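Welcome! Keep the picture open as you read.

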Amino acid sequence: MKFSKYNSIIIKIFFSVLVYINIFAAGKDKIIFLILLYSISLCNDFYRKKVLRNNNPDVTWDIRAIASILFSIGMACILKYFAGTYIYIYIILIELLFYDKKQIPADLLGIYGVSYLLTDLGRFLKGGSIEAAWSYVGYDIVYFLAVLFICILILEQIKQKEKLKLLNHQLNKKNELLKQQQQLNEELARSREREAIAQELHDSIGHTLVAVKMYVKVLEKYIAIDPEKEKEILSTLNEVIQDSILQLRTTVYRLKENSQYSNLKNSLEQLIQSIVQTGSQEIYLDCDERIEKVELGLKEDIYNSIREGITNSMKYSEAKHIWIALTMSDGGLEFSVKDDGVGVNTIHKSYGILGIEERMKKWNGVCKLNSARNNGFSLQVQIKFNQEERFDDSNNNSR
């Protein structure tokens, strides 16, 4: 329960009134003296709390604060001895414990305890019996330890609450950082998704448009010359366009149905067949049967990479022949796309080549490009892995 500033003032006034009442009950000959001492001590307390501490809970004990609290301890002991009031001396004890919440002042508590018990010794010096003095000492020790124990418990609870508050503050800051990191991750995921869509569009639609262009060129040769060949080309062209539409829908809605890659060799043969009908290139495929054991995602990336290699050869190389080879070993696999085109002395990586490298990087693959003017172009990819890690028996088709 938290006390407001108004309630705290009322409590202080209430205890001060009780102390004054005890002073008036002590005897007329000491009233003025004790009232003066207590009033001076109240002014000293006000100076210590309002001026030295200045309502700052982080202020620790310094020389002025120590001198001020020692003065208050002395005044409290005098009031206890002459007026028999314990209220003010326990108020000082509470302040000793709670003034500096970071550390309990052991030295000041020792001085306080000695001063507290010296008042009982004073009763013995005034002529009281030893039994009475020890009786007062015993009671005062019990009361002192009880109040001290309760105050320390309360102080520890306050410290635990402050630690919990600090931990909550740190947790809130970490939560904010996590939210910011999550937002960055989401933005990064969206960026990667956009790149993946762009790559997919380039691979699928780009390849199809190149194929359409080749079909149109061939069609121009057979118009009004060979009607049957013309119909065949138009039929194939229509199939290519329909396939392009389906691929576009798949890409836009990210509905990746990878079943078409379950048999990689058949998929590549269909791709090759759709190209060689144009009569522009001869394509040869050499595929290791064990390649069908690798997992589906790797098959998809191999298919897209080979398709991109074929597309590049059709677009840039003016090649007459393209060779595709896929081999499997215990330590990995390798595939290549080679042509006998014009070649180049300096290779400038296109968006498609960069896409192949990005795909293969996921599988710890290494891409090698080789070309020379009038000596064709070759793309070679090597992937190393443990055989168990990349095999997918669910997709292994018996042949």
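A residue counts as buried when its relative accessible area is under 20%, as exposed when that area is over 50%, and as partly exposed in between. Keep in mind that this is a predicted model.

**A loop residue**

- Look for Thr 346 in the loop between strand 3 (332-339) and helix 10.
- Is Thr 346 buried or exposed? Its relative accessible area is 51%, and the cut-off for exposed is over 50%, so Thr 346 is exposed.
- Thr 346 and Ala 372 are 26 residues apart along the chain, and 7.8 Å separates their C-alpha atoms.

**Helix 9 with helix 10**

- Helix 9 covers residues 296-317 and helix 10 covers residues 351-361; their axes come within 10 Å and cross at roughly 160°.
- Angles over 145 degrees count as roughly antiparallel, and helix 9 and helix 10 are therefore roughly antiparallel to each other.
- The crossing of helix 9 past helix 10 is left-handed.
- On the helix 9 side, the contact is made by Asp 301, Ile 302, Asn 304, Ser 305, Glu 308, Gly 309 and Asn 312. Helix 10 brings Gly 352, Ile 353, Ile 356, Arg 359 and Met 360.
- Sorted by class, the residues in this contact of helix 9 with helix 10 are 4 nonpolar, 5 polar and 3 charged.

**Helix 8 with helix 9**

- Helix 9 also meets helix 8 (residues 264-276): the two axes come within 10 Å and cross at roughly 20°.
- Angles under 35 degrees count as roughly parallel, so helix 8 is roughly parallel to helix 9.
- Helix 8 passes helix 9 in a crossing that is right-handed.
- From helix 8, the contact uses Leu 264, Ser 267, Leu 268, Leu 271 and Ile 275. From helix 9, Lys 299, Ile 302, Tyr 303, Ile 306, Arg 307, Ile 310 and Met 314 take part.
- This contact of helix 8 with helix 9 has 9 nonpolar residues, 1 polar and 2 charged.
- Here is a handy rule: an α-helix has 3.6 residues a turn, so residues three or four places apart point the same way.

**Helix 4**

- Helix 4 (residues 87-98) has 12 residues and reaches 17 Å from its first C-alpha to its last, close to the 16 Å expected at 1.5 Å a residue.
- How many residues of helix 4 are buried? The count is 9 of 12, and helix 4 is mostly covered.
- Among the buried residues of helix 4 are Tyr 88, Ile 92, Glu 95 and Phe 98.

How values were computed
Residues numbered from 1 in each chain as written. Predicted model: local features only at pLDDT ≥ 70, side-chain atom pairs only at ≥ 80, totals over all residues. Heavy atoms only, no water. Axes fitted to C-alpha atoms, helices over the stretch in contact; angles between N-to-C directions. Helix = DSSP H or I, 4+ residues; strand = E, 2+ residues; numbered from the N terminus. Parallel < 35°, antiparallel > 145°, perpendicular 65-115°, else oblique. Left-handed = near helix turned anticlockwise from the far one by under 90°. Contact = heavy atoms within 4.5 Å. Nonpolar A, V, L, I, M, F, W, Y, C, P; charged D, E, K, R; others polar. Buried < 20%, exposed > 50% of the residue type's maximum accessible area, 1.4 Å probe, protein only. Expected span 1.5 Å × (residues − 1).
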